[in-house]
Every structure is written in C-alpha cells, then in structure tokens.
Amino acid sequence: RFVSVLKKPEEELDLFFFPDFKTLFETRFAAGKGEVFTQRFAEMGQRFEFVEDEALLKGQGWSYPERNDTASFQWAVGAQAELGLPVDLPADAPPSDATLRLRVLPYLYPEAPPQNLELWLNQYHLATLELPEHWSEHEIAVPADAWSTSANLLTLRFSRTASPASVVPGAGDSRSLSAAFDYLEIVSGRATGPDDDG
C-alpha cells in the first residue's frame, strides 16, 4: 500500500517509504506481521530500560541511550516522543486493566518553568503529570478501554523543551531536551495508589 522508492531486482531489493512510526507500526500489524514486535516486547519483560537493543519499538523523539554511575537513561527530545507497546492480548479475550510505571527526570535549567508530561495510549488520554525537579516514579492506571487488540502506541507530550546550548552559558549540547527516562513498563492490574513523587 506504499510507493516503492527504490527497486533493484538483480539484488532483490525493494525500498518503501513509511511516513511515520505510527503508520509503520499499524501497517505491520494489519499485514499480520506484528508478532516480531510482540515477541520483542515480551522478551523485554514489557519494560523499557532505555538501552541500545530497544530501537525496534521506538518512534520519533528519542536521543541515544546514556549511562551514569546510578542508571541507564535516555533523553526524550522535542515536544513529543513515541513508544510501541505491543502487549500480547489474546484475540478471543477482552483487554484488561493494567498499570504503566515510569521513572523520569525533567530537563532542568535556571528559571525553567515546570515540565508537564501528557501520556496518551492510542487515542486515550491516560494522565497529565507535573514533574518535580528530581527523579520521580509514577504509576498510571491504564483502563481496558485504552488498549487495541493489535498495535498500541504510547505518545509522550511535553510542555517545554530546550537545548542546553541555548539556556546554559558555555554548554555545547544542542539537543532539544525534554525529560530523561530511566525505565517504563507495563504490568498487569490497576495502579496501587497515587503517584509517588519521591
């Protein structure tokens, strides 16, 4: 269903253009090839550690994985970032409630306004969080109605983004940083209580 932009029959090469990650993800599931995504997510324990081998499930809005003395993490860059969540939902059983857990740090600089994070699963608004100025962990209820039985796309939207080079004197990092993520996971069952901002 997409235009081939390069064909080399002698090399059995056919290159197609997909306009965005959402289209690619949904098209793969519609074509019955979503098992590779579902299998990879299951192998990851339905959890992103934000390391190199998770690229298959990342759309726009991510920098490269980094590590310090205490954690591996990855910066979301720009106003929006995407993650594929191909949870293995049986076709003959209805989706169930689940919980999304994450640990996040907003990009901080002098006089930065608060950072708000909106989370959307497919077309369902899960939550809007005002992130404290330190690493914080959050639990967000994901109701059964939010899940699709095929492709599931989590969209993270940020209220602000800035490059260190533009807001910190002497900084050389030109990436447009929004927030750093240590982990993000999906677990069965409802959230146990309000967000833990500690």
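Entry 1: I began with Glu-185, which pairs with Arg-101 in a salt bridge, their closest N and O atoms 3.8 Å apart. I count a salt bridge when a side-chain nitrogen of Lys or Arg lies within 4 Å of a carboxyl oxygen of Asp or Glu. Helices (H or I, at least four residues) and strands (E, at least two) are DSSP runs, numbered from the N terminus.

Next I checked cover. Glu-185 is buried at 11% relative accessible area, while Arg-101 is partly exposed at 27%. For these words, buried is under 20% relative accessible area, exposed is over 50%, and partly exposed is in between (1.4 Å probe, protein chains only). Through shared partners, salt bridges join Arg-47, Glu-49, Arg-101, Glu-139 and Glu-185 into one network.

**Entry 2: what I am working with.** I noted that this is a predicted model, where local features need pLDDT of at least 70 and side-chain atom pairs count only at pLDDT 80 or more, while totals for chains, interfaces and linings use all residues. Residues are numbered from 1 along each chain as its sequence is written, and side-chain values use heavy atoms, with hydrogens and water left out.

**Entry 3: other bridges.** How many salt bridges does the structure hold? I found 11. One of them joins Arg-175 and Glu-66, with 3.0 Å between the closest N and O atoms. Arg-175 is in the loop between α3 (164-167) and β12 (177-188) and Glu-66 is in strand β4 (residues 62-67), so this pair ties together parts 109 residues apart in sequence. Arg-175 is buried, at 16% relative accessible area, and Glu-66 is partly exposed, at 21%. I also looked at Lys-58 and Glu-54, whose side chains meet in a salt bridge (3.7 Å, N to O); both residues are buried.

**Entry 4: Arg-160.** Is Arg-160 buried or exposed? It is buried, with a relative accessible area of 9%, and I found Arg-160 in the loop between β11 (153-158) and α3. Leaving out residues up to four places away in sequence, Arg-160 touches Pro-106, Tyr-107, Leu-108, Tyr-109, Ala-112, Pro-113, Pro-114, Gln-115 and Ser-178; contact here means heavy atoms within 4.5 Å. I noted Pro-113 in particular: Arg-160 and Pro-113 are 47 residues apart in sequence and 8.0 Å apart in space, C-alpha to C-alpha.

**Entry 5: the cavity.** Searching the whole structure, I got one cavity of 30 Å³ or more. On a 1 Å grid over the protein atoms alone, a cavity is a set of points where a 1.4 Å probe fits but cannot get out, and lining residues have an atom within 4 Å of a point. The largest cavity is lined by Lys-22, Phe-25, Glu-26, Asn-122, Ala-151, Asn-152 and Leu-153. Helix α1 (residues 21-30) gives the largest share of that lining, three residues.

**Entry 6: the whole chain.** The protein chain has three helices and 12 strands, and buried residues are 43% of its 198 residues. Among contacts between residues at least 6 apart in sequence, 67% join residues at least 24 apart.

How values were computed
On a 1 Å grid over the protein atoms alone, a cavity is a set of points where a 1.4 Å probe fits but cannot get out, and a pocket is an open set with protein on both sides within 12 Å along at least five of seven lines; lining residues have an atom within 4 Å of a point. Grid points are joined across faces, edges and corners, and a volume is the space filled by probe spheres set on the points.
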